[in-house]
Amino acid sequence: MNVTAVIGANFGDEGKGLMTDYFSDKKTVVVRHNGGAQAGHTVVTPDGIRHVFSHFGSGTLAGAATFLGPRFIINPLLWKKELGILKKMGFDPKVFYAGGLVTTPYDMLINEEIERSRGDGRHGSCGVGINETVTRHYSEKFAFPRLRIDSKCNILTRNKIVNTVKNIRDEYCAARIKEIGLSPKASFYSIFNSEALLERYVDNVIEFAEHCIEINTDAQGLRTMGIHLGGEVNNLVFEGAQGLLLDEEHYFFPHVTRSKTGLNNVLDICRQFEIKEADATYVTRAYMTRHGQGPFPSEEKELKYEDKTNVTNEFQGSLRFGSLDVDLTSKAIRNDLILASDRFFEHTGWEPIKVNPSIAITCLDQVGKEICVYDDGERFTLNDVNDLVDIFVDKCNIHDFYTSYGPTRAKISPLCVGK
């Protein structure tokens, strides 16, 4: 079985969807191991079908199934919405899941209200409730049952689910609003207290439980996924959300996400699946982008490239552009690979998992023959992608690369530099 982790090397929006699609086929399970439906991963097939994935794995158009890992944040509302879109396109993918935190519409509403209240000091939230879901789940003040989706969630237990969600809304979320000093307008509460919203949300929770297949995160769970695919899993592709520079422990805090964006969760799941070796492909555009507020050392206000996915929105503003900061990117990759070293596993007691790293450079068609980079603190222009590859080889000691000159898997080529 081939195992590949697709990891964003920058601030997100690097081309993770493209590379996940490249590694996928009908015997693939795409593992969403971090974050949640805040992802916006674009896939365009060679025959022109286009979709922006958020809750489902980006290998779906290639026939892959999706596994929502134990640290993926499930959002029943957004799952249902995207499933409807995919079905209209002719796709009805198998979805497996293993527990996971569950977002409510009230987490989303509070998240949006908090970001609005920050004014010019916004953190760059995507507005889909990621931070509030994590905060609520781990709150010691929360005295009511946490919402969990499992095979017992069905029409017979509907009243129990309704009561749990009402407790979250009326007790925890109401207290949370007071605790953080929000003063929402009447329009906020007309949505927040809507019984129609609560009923629709509970319907979506039940639909999720009935449509998706719950598994254990162990070797038997991996075999169960294979059985549902008609034999066995040939490929596992771990599709990360966000990028290494937005990891929750990155020094750019608080302008980060509430999840581990690199190998951490990947290695944990591999260990539980009894996998001993995995590839890790770190993805970067030939330039850099950032969506939302926060540090961006190589940003260039005048620099713009066409991007049909990252449209301007209330919570993340406009997509920002800059030259490729090779120093920052290489440092993030090196630090992430330390997780795969013996030093990490000495502290956990786990058996080391061999990681074979590579780097994918996307959007090369957009920059033409001139690639502007920051290297050793200086900005200069490269006239050949091979020069950029050589810099990465020197800084990261990585020799396997992928180059992409377009939006589809047909425009990707592997490249190996002699060791």
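**Salt bridges in a predicted model**

Author: This is a predicted model, and the structure holds 23 salt bridges.

Reader: What does R176 pair with, and how far apart are the closest N and O atoms?

Author: R176 forms a salt bridge with E132, and the closest N and O atoms of the two are 2.8 Å apart.

Reader: Is E132 buried or exposed?

Author: E132 counts as buried because its relative accessibility is 0%, and R176, at 12% relative accessibility, counts as buried as well.

Reader: Switching to E214, which residue is its partner?

Author: E214 forms a salt bridge with R148, with the closest N and O atoms 2.9 Å apart. This pair also links distant parts of the chain, 66 residues apart, with E214 in strand β7 (residues 213–214) and R148 in the loop between α4 and α5. E214 counts as partly exposed at 30% relative accessibility, and R148 counts as partly exposed at 41%.

Reader: And K395, what does the bridge to D375 tie together?

Author: The closest N and O atoms of K395 and D375 are 3.2 Å apart. K395 lies in helix α13 (residues 385–396) and D375 in strand β14 (residues 371–375), so their bridge ties together parts that are 20 residues apart in sequence. K395 is buried, with a relative accessible area of 18%, and D375 is buried with 12%.

Reader: Which residues are joined into one network with K395?

Author: Salt bridges that share partners join K395 with D327, D375 and D376 into one network.

Conventions. Residues numbered from 1 in each chain as written. Predicted model: local features only at pLDDT ≥ 70, side-chain atom pairs only at ≥ 80, totals over all residues. Heavy atoms only, no water. Salt bridge = Lys/Arg side-chain N within 4 Å of Asp/Glu carboxyl O. Buried < 20%, exposed > 50% of the residue type's maximum accessible area, 1.4 Å probe, protein only. Helix = DSSP H or I, 4+ residues; strand = E, 2+ residues; numbered from the N terminus.
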